[in-house]
Amino acid sequence: TMVITHRALPHTTHAAEQPNAPTPHHSQRSWEALCVHLCMYSMLGRHWMLAAVLSQTQTNLPHHQASQMPVQLPSSSSKDRVGSACMDSDDSPLSLPFFYQHKDDVGRAEAAYRAAVQADPSDAVAYGNLGILLQSEKKDFDGAVEAFRAATVVDPSNPQWHLNLGALLEEERKDFSGAEEAYLAAIQANPSCADAHNFLGLMLQEQKDVDGAEAAYRAATEADPMDVDSQIYLGLLLQYERKDLGGAEAAYR
């Protein structure tokens with residue numbers, strides 16, 4: 001199934017946005033910015049981030065310069081996918097509505113999804129894909145919330161549906177308490193789903209709850225030690241929110 005809306009990492013104020021703040025050397029800023037923007041496009045990203053940390057410590061930059069780069073990743077870097085540990089392998093796309101949707105016939109795709117859930121009200125995949133279509137193609141957020149909620153009722157043990165619901169509530173409704181409830185439900189459904197912890201952490205960091213975000217990222221790294229995103233999120237938080245370069249270096253390694 002298609003899952004999850006797009007979401008960028010929280011933005012940390014940097015020198016250019018601070019009145020009278022010193023501006024880091026241009027070449028240093030360019031190198032660090034390149035590291036940040038590459039980090040989500042390759043498995044090598046963690047090494048780029050590590051290089052950025054080491055470049056700060058080894059070139060003896062003043063502390064205010066070493067910690068004031070923008071932390072803004074491309075919008076496709078965070079809430080745009082669900083890891084394999086979070087997905088139900090039995091869920092397969094519905095061929096007919098997918099055919100219509102890929103042909104840009106949104107109306108017939110929606111009708112096909114609705115026919116599918118009417119024929120089988122226990123089909124969580126159909127509800128989930130209907131919600132995604134309503135959210136992304138029709139901007140019918142009320143309808144999408146209803147579809148995602150139906151999917152969570154039919155299949156509460158699958159974190160995908162809770163994450164879809166939470167991301168929509170957070171991004172489109174600004175219903176942070178509802179989003180947190182959905183993310184916690186995803187964690188309860190599958191504690192080994194690193195993305196469930198990461199989604200919660202991203203939202204908490206956006207709300208300036210650094211302690212809560214760090215706890216969520218650490219839980220994600222424990223849930224799936226091989227999940228690169230979790231390590232990068234934790235490293236970025238430690239580097240720019242905590243100014244803990246040693247901790248960030250350990251996360252990137």
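**Helix packing around α12**

Mentor: The crossing of α11 and α12 is left-handed. This is a predicted model: local features need pLDDT of at least 70, side-chain atom pairs count only at pLDDT 80 or more, and totals for chains, interfaces and linings use all residues. Residues are numbered from 1 along each chain as its sequence is written, and side-chain values use heavy atoms, with hydrogens and water left out.

Trainee: What makes a crossing left-handed?

Mentor: The near helix is turned anticlockwise from the far one by less than a right angle; clockwise would be right-handed. α10 also passes α12 in a left-handed crossing.

Trainee: Why is α11 called roughly antiparallel to α12?

Mentor: The axes of α11 (residues 210-223) and α12 (residues 228-240) cross at roughly 150° and come within 8 Å. Angles over 145 degrees count as roughly antiparallel, so α11 is roughly antiparallel to α12.

Trainee: Which residues of α11 and α12 meet?

Mentor: Contact means heavy atoms within 4.5 Å. In α11, V210, A213, E214, Y217, R218, A220 and T221 meet S230, Q231, Y233, L234, L237 and L238 in α12.

Trainee: Why is α10 called roughly parallel to α12?

Mentor: α10 (residues 194-206) packs on α12 at about 25°, with the axes 10 Å apart. Angles under 35 degrees count as roughly parallel, so α10 is roughly parallel to α12.

Trainee: Which residues make that contact?

Mentor: A194, N198, L202 and Q205 of α10, with D229, S230, Y233 and L237 of α12.

Terms used:
Axes fitted to C-alpha atoms, helices over the stretch in contact; angles between N-to-C directions. Helix = DSSP H or I, 4+ residues; strand = E, 2+ residues; numbered from the N terminus. Parallel < 35°, antiparallel > 145°, perpendicular 65-115°, else oblique.
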